[in-house]
Amino acid sequence: MKLTTYLVYKFNRFLKCFIRLNILDTERSIDFLLGHPISLARFGDGEMNIIMGGDVHFQSYNKELAIRLLSLLKNNKNSNLLIGIPLAINSTDGYKKNVKEFWEMNMDTGRMHWIRYSGIKRQFLNASLTRCYIDYEQKTMSKIWFEKLMLLWFDKKILIVEGETSKLGVNNSLFSNVSSIDRIITSSSNAWSKYDLLLKGILEVAYDYDMILVSLGPTATILAEDISTQGHRIIDIGHLNLEYNKYVEDGWVEMSTNVIDDKNYFTQIVKQI
């Protein structure tokens with residue numbers, strides 16, 4: 001190992017011992033969203049990669065996107081929006097071995113950036129609240145977390161903004177308790193290239209909905225900022241659908257009769273961008 005790499009590792013491990021960011025754990029984060037009509041923008045390792053000049057597998061580096069992400073992480077002044085960052089910055093307790101190893105390796109080189117850009121006094125939610133099943137060694141709390149998350153959209157008219165391959169809630173019961181669903185569909189990769197069209201398209205119909213749910217990687221993070229600024233509630237739900245599919249597959253919940261199939265999925269699409 002090179003000396004510089006060794007020093008970076010040592011410094012980041014030192015920071016873990018002596019500096020903890022103010023991040024609510026998963027359950028308290030979900031409870032906060034249930035108790036406050038606030039929006040959520042999430043930052044994970046992908047968003048930090050973009051900020052640091054890299055790519056993620058579904059979004060190529062873009063300078064404007066990187067600038068917007070960094071500005072939001074450092075300077076969020078929107079009282080209608082909270083930022084989620086990974087609880088793993090502080091602790092990987094409860095995670096499976098391979099997940100612990102991933103986050104510990106990630107934080108051994110990047111914890112200093114999270115601390116530098118996030119600050120130690122601000123309140124954050126756990127960005128990984130949408131990864132509430134697969135990563136955990138014990139699954140018993142996941143049932144409670146899913147049930148609470150689903151209360152966010154109980155009996156609400158929701159708009160889903162997603163990539164064309166995502167199909168959130170299709171063939172599962174994740175949104176079986178909503179009043180109604182409409183969808184705006186766009187590219188699953190490099191959605192940032194359509195950002196202006198997405199923002200315009202969402203704002204044109206946003207007043208018709210109780211809540212907007214978005215799953216578009218780093219693009220979702222910035223949409224959460226711009227949409228919430230206009231007074232609409234928007235939540236970046238990330239990979240929640242993948243987590244719920246695995247949760248159902250493992251037999252933790254019986255499938256509801258009110259399940260979206262491919263046929264009614266297409267009837268829910270109100271815009272294709």
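## Exercises on loops, pockets and helices

Asn-171 sits in the loop between β5 and β6 (180–186). Helices here are DSSP runs of H or I with at least four residues, strands are runs of E with at least two, and both are numbered from the N terminus. The model is predicted, so local features need pLDDT of at least 70 and side-chain atom pairs count only at pLDDT 80 or more, while totals for chains, interfaces and linings use all residues. Residues are numbered from 1 along each chain as its sequence is written, and side-chain values use heavy atoms, with hydrogens and water left out.

**Exercise 1. Find the phi of Asn-171, and work out which accessibility class Asn-171 falls in.**

Step 1: Now look at Asn-171, whose phi is near 65 degrees, a positive value in a residue other than glycine.

Step 2: For the class, use the cut-offs: buried is under 20% relative accessible area, exposed is over 50%, and partly exposed is in between, with a 1.4 Å probe and protein chains only. Asn-171 has 45% relative accessibility, so Asn-171 is partly exposed.

**Exercise 2. Describe the largest pocket: its volume, its lining residues and the elements that supply them.**

Step 1: Get the idea first. Rolling a probe the size of a water molecule over the atoms shows where empty space is left. On a 1 Å grid over the protein atoms alone, a cavity is a set of points where a 1.4 Å probe fits but cannot get out, and a pocket is an open set with protein on both sides within 12 Å along at least five of seven lines; lining residues have an atom within 4 Å of a point. Grid points are joined across faces, edges and corners, and the volume is the space filled by probe spheres set on them.

Step 2: The largest pocket holds about 810 Å³ of space. It is lined by 33 residues, and His-57, Phe-58, Arg-131, Gly-238 and His-239 are the closest to its centre.

Step 3: Two or more lining residues come from each of α3 (45–51), α5 (97–118) and α9 (240–249). The largest share, 4 residues, belongs to α3.

Step 4: Sort the lining by type. Ala, Val, Leu, Ile, Met, Phe, Trp, Tyr, Cys and Pro count as nonpolar, Asp, Glu, Lys and Arg as charged, and the others, Gly among them, as polar. That gives 12 nonpolar, 14 polar and 7 charged residues.

**Exercise 3. Move to the second largest pocket and find what lines it.**

Step 1: This pocket has about 230 Å³ of space. Its lining has 14 residues, with Asp-25, Thr-26, Leu-87, Ser-91 and Asp-93 nearest the centre.

Step 2: α2 (26–35) and α6 (140–151) each give two or more residues to that lining.

Step 3: Pick out Asp-93, in the loop between β3 (81–85) and α5. Asp-93 is exposed, because its relative accessibility is 64%.

**Exercise 4. How do α2 and α6 pack, and how do α6 and α9 pack?**

Step 1: Axes are lines fitted to C-alpha atoms, for helices over the stretch in contact, and angles run from 0 to 180 degrees between N-to-C directions. Angles under 35 degrees count as roughly parallel, over 145 as roughly antiparallel, 65 to 115 as roughly perpendicular, and the rest as oblique.

Step 2: α2 and α6 have axes 9 Å apart, at an angle of about 15 degrees. So α2 is roughly parallel to α6.

Step 3: α6 and α9 have axes 12 Å apart, at an angle of about 130 degrees. So α6 is oblique to α9.

Step 4: Check the handedness. A crossing is left-handed if the near helix is turned anticlockwise from the far one by less than a right angle, and right-handed if clockwise. α2 passes α6 in a left-handed crossing, and the crossing of α6 and α9 is left-handed too.

**Exercise 5. Which residues line the largest cavity?**

Step 1: The volume of the largest cavity is about 40 Å³.

Step 2: Its lining is Leu-129, Thr-130, Leu-149, Leu-152, Trp-153, Ile-235, Ile-237 and Leu-240. By type, that's 7 nonpolar, 1 polar and no charged.
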